[in-house]
Amino acid sequence: MAIRWNRLLPYLMIFPNVAIYFVFIFIPVLWAIYLSFTNYTILSPGQWVGLANFESLLKDGIFHKAFWNTMIFWVLKVMPTMMIGLIVATLLNAKIRGVAWFRGAIYLPGVLSSVAVSMAWLWLLDPRSGPVNAIVKLLGIPPQNWLQDLALAMPAVIVISIWTNIGFAMIIYLAGLQGIPSHLYEAASIDGATGLKKFIYITVPMLKPITFFLFITLTIRSFQVFDIVYILTGGGPLNSTTTIVNQIVKTAFEEYKMGYASAQAIVLLLLTIIVTIVNYRVGSKRTMD
Amino acid sequence: MKLRISANSLISAGLAIVSIFMVAPLLIMIFTSLKGDTELANAAGSLLPKNWKFENYILAMQTGQWGTYFKNSIIVTVFAVGGSLIFNSLSGYTFARVSFKFRNIIFVALLLGLMVPPQVTILTQFIMLKSVPLFGGNDIFGHGGQGWLDSYYALIIPELSGSLGIFLARQYYLGFPKDMDEAASIDGSGIFRSFWKIYLPLSGPLLATLGILKTVHVWNDFFHPLVYTNSEAMRTIQLGLQVFHGQYEIKFNLLMAASVVVSLPLCIAFFFFQRHFVQSLISTSVKG
């Protein structure tokens, strides 16, 4: 009896986590895949419609817009975030006074919720009395309606997102920089290498795994962008800032078309899986090298 | 020597400029929260308020049910963080130190969750939560009412697991030397006893990391409360900020005041535990 209890115990110890994972992640994913082939709404059970939802997606102009907006957001956000993060981390890695203060100040926006960040920028960019327009006026540029302008809304959202993510990139890069053995730099100094050369030939290659991790993480976060868009622009003007997740939420919880929303969610899932596979491939290649 | 000093001051200057760009919006948020209505409307106004209106904070907290919002956020955060810490450390330890059948298969299945965006699972989670039988007016088949939607259950229970937490916990417990288990088993301790008596007391750094990651996630979460709740009584603080946003004309001084109040707890925690916050962020990068 005692032996049997001992065999059972490990399963009991993982049970709470495994059960919740199974009910709230595993089943919902499989179910969402199933729903994407139906015309299920919250109000009616729905029927199997085969690939009809995916065919509609191919013709859905707003979803196309959302897809490409998400891609633009991704491309224009990730690179600047990482580059600024690396530069700031390099500066912080110099032995200067007050590193903790600078680090804290630069990371601070990362502690705020996306809602608080959005509210702050809603005021900063307010067309009538916002501070950004006051600054812009000093430069002789007329006031802009930043978040309601077809050409300006997306760039504004991207800049805000970069601003909130720089701290994260900086902290990860700083940890990477501190992990580079100092004898590499000493050896290079003996060979007469200057600061910039050391940066290009030692720092950048040694940071490759960290850079890759940041790239993957920020990519996945970009694909999932929702909160700031929802609050700042609601996807407008004329869908110029709407994203994949915006469309999923709108389709599911405003139009109650769960089947169609599931099909859109599957697109997001596939994007994420592709990135994860690339991550895994490159990661295993690296360990073989 | 002279050159070196100037290089360092250049670096400090550079960092100071970046810091100003990062902090200025937050300072403006604070200053705006203290301005009067007429001063606010004046675009060319100064950065600092002329009259410091601290009563804005009282007015802001009287717009909407802020007592309720804070109570909800605190309850959800405390239970989600507490529960997930217990469950994640327990299963992380079991996966790391105990061998049992199907261990690796179950663990890999759990890791697959790292790939799943919450925006994919939220659709069917919503349907499931709505259909919990005998709750929220539902009959035994889960029809007729709203189930767990618009309740604490919807905001807490799905947060109690988490692939990243399990992964980090397992990683942590793998780091202990093998003799520790042998010593414990000679002692006659069962696996649960040795978790409770030996490993848990040594889990401070792990619990700090997981606790910070989960607290920030749950306290700042907007997406799940937005979808899962609809009544005033169940709003969390992040939804509460929408009270000002929804109005025809936004009172920005009050909105900024409420945003400051909502952000303050984590900012203070960050100020005191900066090292732990940084460590928790770095730990997520070890998985690569």
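In which helix of chain A does A:Thr272 lie? The legends below begin with this residue in the predicted model.

Figure 1. A:Thr272 belongs to helix H13 of chain A, which spans residues 258–288. The residue has a relative accessibility of 2% and is therefore classed as buried, since buried means under 20%. Leaving aside residues up to four places away in sequence, A:Thr272 touches A:Ile220 of its own chain as well as B:Met115 and B:Pro117 of chain B.

**Figure 2. The interface of chain A and chain B.** Here 79 residues of chain A are in contact with 87 residues of chain B. About 7600 Å² is buried between the two chains, and carbon and sulfur atoms give 80% of this area. On the side of chain A, the residues that lose the most area to chain B are A:Met13, A:Phe24 and A:Trp123, which together account for 10% of what that side buries. Across this interface, 17 residue pairs are in polar contact, with both residues at pLDDT 80 or more, whereas zero salt bridges are found there. Helix H1 of chain A (residues 2–35) supplies 18 residues, the largest share of the side of chain A that touches chain B. That side consists of 65 nonpolar, eight polar and six charged residues.

**Figure 3. The salt bridge of B:Asp37 and B:Lys251.** The side chains of these two residues meet with N and O 3.4 Å apart. B:Asp37 lies in helix H2 (residues 37–41) of chain B, while B:Lys251 lies in the loop between helix H14 (242–245) and helix H15 (252–272) of chain B. The pair thus links distant parts of the chain, 214 residues apart. B:Asp37 has a relative accessible area of 47% and so counts as partly exposed; B:Lys251, at 39%, is also partly exposed.

**Figure 4. Two further salt bridges, one in chain A and one in chain B.** Over all chains, the structure holds four salt bridges. In chain A, A:Lys257 is paired with A:Glu255, and their closest N and O atoms are 3.7 Å apart. A:Lys257 is partly exposed because its relative accessibility is 37%, and A:Glu255 is partly exposed at 42%. In chain B, B:Lys53 forms a salt bridge with B:Glu55, with 3.9 Å between the closest N and O atoms. The relative accessible area of B:Lys53 is 29%, so this residue is partly exposed. B:Glu55, at 41%, is partly exposed as well.

Figure 5. With a relative accessible area of 24%, A:Asn239 is partly exposed.

**Figure 6. B:Leu134, a residue with positive phi.** The phi of B:Leu134 is about 65°, although the residue is not a glycine. B:Leu134 is located in the loop between helix H6 (118–130) and helix H7 (152–156) of chain B. Its relative accessibility of 60% is the reason why B:Leu134 counts as exposed, since exposed means over 50%.

**Figure 7. Confidence along chain B.** The mean pLDDT of chain B is 89, and 94% of its residues reach 70 or more. Confidence is lowest in helix H9 (residues 179–186), with a mean of 74, and highest in helix H4 (residues 66–97), at 96.

Note on methods: Residues numbered from 1 in each chain as written. Chains lettered and ligands numbered in written order. Heavy atoms only, no water. Contact = heavy atoms within 4.5 Å. Buried area = accessible area lost by both parts, 1.4 Å probe. Polar contact = N/O pair within 3.5 Å; in protein donor to acceptor, adjacent residues only side chain to side chain. Helix = DSSP H or I, 4+ residues; strand = E, 2+ residues; numbered from the N terminus. Nonpolar A, V, L, I, M, F, W, Y, C, P; charged D, E, K, R; others polar. Buried < 20%, exposed > 50% of the residue type's maximum accessible area, 1.4 Å probe, protein only. pLDDT = per-residue confidence, 0-100.
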